[in-house]
Amino acid sequence: MFQSLSTYYETIKNRKIVDLFEDTNRFENFSVSAGDLTIDYSKTNIDDMARKLLLELASERKIARKRDEMFAGKPINDTEGRAVLHTALRAPRDAVIMEDGQNVVPEIHKSLDDMAEFCEAVRSGKITASGGEAFTDVVNIGIGGSDLGPVMATIALAPYHNGTRTHFVSNVDSAHINDVLKNLNPETTLVLIASKTFTTIETLTNAKTAREWLSNVKDANQHFAAISTAEDKTSAFGIASDRVFGFEDWVGGRYSMWGPIGLSIMLAIGADAFREFLDGAHQIDQHFQNTAGADNAAITLALTGIWHRNICGYPTRAVLPYEQRLLRLPAYLQQLDMESNGKSVGKNGQATEKTGPIVWGEPGTNGQHAFYQLIHQGTDVIPCEFLIAKEAHEPELAHQHDLLKANCLAQSRALLIGRDLDEALKIAKSKGYTGAEAERQAAHRVFEGNRPSLTITYPKLTPSVLGQIIALYEHRVFVEGAIWGINSFDQWGVELGKELAVQLLPAVEGHKIEGLDGSTQGLLKLLK
């Protein structure tokens with residue numbers, strides 16, 4: 001089916017996307033809705049035939065069956081022999097989701113209730129610091145999936161913060177923890193250590209630094225909680241068992257903010273808003289499970305990605321939220337997408353076709369003054385994914401949100417229509433240029449256009465809507481990985497560098513190590 005798609009693409013690749021809008025119903029025919037989200041992909045070169053072939057590809061690759069296996073708790077993470085059930089973390093109490101012969105939902109909701117009880121006790125002052133004062137600040141220490149999701153969601157939901165101030169430390173660079181802790185009061189700070197195995201070297205290094213920072217507090221152990229399954233290790237660290245929140249191995253790190261890893265989010269916005277966040281994601285789960293073909297938003301988003309990556313050959317995609325509070329969404333999606341689908345070996349152990357694209361981006365309008373030059377006039381085509389809300393949280397500043405919306409729509413339109421040489425020449429002449437100089441100046445003002453984009457719109461960035469956005473992208477990653485025939489739920493590429501770092505630490509500390517390459521030896525000398 002890839003060959004059929006490629007053959008068809010050859011017949012239309014020089015077509016102008018804007019010409020497709022001769023169909024006055026194109027927007028309606030090439031938009032899809034799920035929950036509060038609408039995805040407009042009409043500004044791509046996908047037409048009825050391309051969509052038909054893409055859906056046939058999804059059928060050929062048995063996407064519906066693989067989706068059902070994931071939701072049913074089958075061990076689809078086959079290199080690690082695990083189920084993939086992060087979706088169960090947002091299922092309602094009365095759901096039945098079986099894994100290894102057991103309904104996992106009751107235990108999930110017990111964990112959620114335990115989290116809520118702890119968070120509300122901290123937020124209300126029932127659980128206090130060791131000196132009897134209420135906690136004013138929470139520092140979440142984690143990295144990767146134990147940081148990127150929570151920090152992204154906490155920033156995104158700033159209008160809903162009504163509890164402790166929440167801060168995040170991830171990097172082992174001493175500057176990170178120093179710059180976070182230096183402005184906080186250890187007497188009123190709660191530290192969350194987020195590490196499933198309680199062995200992550202960056203997290204434990206920062207945790208030990210935090211313990212030292214709390215060394216003058218009367219009972220420092222009261223200032224710690226952990227999100228971990230290694231209760232022997234958390235106990236050895238001095239954390240009471242009723243302050244340890246664990247989760248199962250069928251929840252991958254980058255898919256874990258829906259459960260105990262989201263404790264920092266819940267502390268910031270409260271248990272009720274956190275449940276709205278889960279409910280929003282569950283709406284998209286239901287849509288993904290129960291909606292067929294071109295009406296399925298996650299499948300459509302994934303097939304658009306497949307079209308651009310495999311058929312058009314575009315190596316990257318830009319995620320461009322016109323929502324300042326989605327500042328960290330591109331970074332979060334980098335891990336979600338690139339750690340999941342950055343694979344070159346299929347489930348069958350053989351080399352696969354081109355897989356995950358490079359994912360990057362920044363919020364608008366900042367990006368317009370940074371890298372949009374390359375997006376509009378660079379030599380590579382970069383499919384863009386815009387996100388924009390109908391309404392902001394600041395009604396008194398509605399005029400600014402109108403300007404933001406105008407910028408978002410203008411960028412996608414500019415990518416679509418571009419500017420030809422004749423129009424550019426008129427502009428150059430209007431500025432007083434003549435003859436050959438007018439032509440030279442005009443050449444710099446030509447925009448090729450015909451560059452694809454899609455736009456995701458939503459009413460307002462609420463906890464529910466944020467849950468919907470994240471779940472949509474999770475399922476998009478799953479579908480793309482399933483089409484490529486790879487395991488989207490392991491991350492062996494992360495391991496080698498971590499192993500080598502442990503091996504190299506003695507050399508950095510001044511001990512001699514044999515067998516190092518010349519470059520590493522030279523760099524060690526420079527860094528001593």
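**Aromatic contacts and a parallel sheet**

Y322 is buried, and F386 is buried as well (buried: under 20% relative accessible area; exposed: over 50%; partly exposed: in between; 1.4 Å probe, protein chains only). The model is predicted: local features need pLDDT of at least 70, side-chain atom pairs count only at pLDDT 80 or more, and totals for chains, interfaces and linings use all residues. Residues are numbered from 1 along each chain as its sequence is written, and side-chain values use heavy atoms, with hydrogens and water left out.

**Aromatic pairs and clusters**

- The structure contains 14 aromatic pairs (Phe, Tyr or six-membered Trp rings with centres within 6.5 Å; planes under 30 degrees apart are stacked, over 60 edge-to-face, the rest tilted).
- One of these pairs is formed by Y322 and F386, which are tilted at 50° between the planes with 6.0 Å centre to centre.
- A single aromatic cluster is made up of F71, Y255, F288, F478 and F489.

**Arginine over aromatic rings**

- R90 lies over the face of W258, 4.5 Å from the ring centre (NZ of Lys or CZ of Arg within 6 Å of the ring centre and within 35 degrees of the ring normal).
- R211 is placed over the face of F237, at 4.5 Å from the ring centre.

**The parallel sheet**

- Five strands form an open sheet with parallel pairing, in the order β6-β5-β7-β8-β9 (two strands pair if DSSP finds at least two bridges between them).
- Its edge strands are β6 and β9 (244–245), each of which pairs on one side only.
- Strand β5 (residues 137–141) is mostly covered, with five of its five residues buried.
- From β5, D137, V139 and I141 point one way while V138 and N140 point the other way, and all are buried.
- β5 runs parallel to strand β6 (residues 165–169), and five bridges join the two.
- Within this pairing, F168 in β6 is the bridge partner of N140.
- Strand β8 (residues 224–227) pairs with β9 in the parallel sense over two bridges, and A226 stands opposite V244 in β9.

**Loops and backbone geometry**

- I143 is placed in the loop between β5 and α6 (148–156) and is partly exposed, with a relative accessible area of 29%.
- The C-alpha atoms of I143 and N171 are separated by 7.1 Å, although these residues are 28 residues apart along the chain.
- The peptide bond from G364 to T365 is cis, with omega near 10°; T365 belongs to the loop between β11 (358–360) and α14 (372–377).
- K62 is a residue other than glycine with a positive phi, near 55°.
- K62 occurs in the loop between α3 (48–60) and α4 (63–71), where it is partly exposed at 41% relative accessible area.
- N450, also a residue other than glycine, has a positive phi near 55°, and its position is in the loop between α17 (435–444) and β13 (453–458).
- V18 lies in the loop between α1 (2–12) and α2 (26–29) and is partly exposed, with 34% relative accessible area.

Notes
Helices (H or I, at least four residues) and strands (E, at least two) are DSSP runs, numbered from the N terminus.
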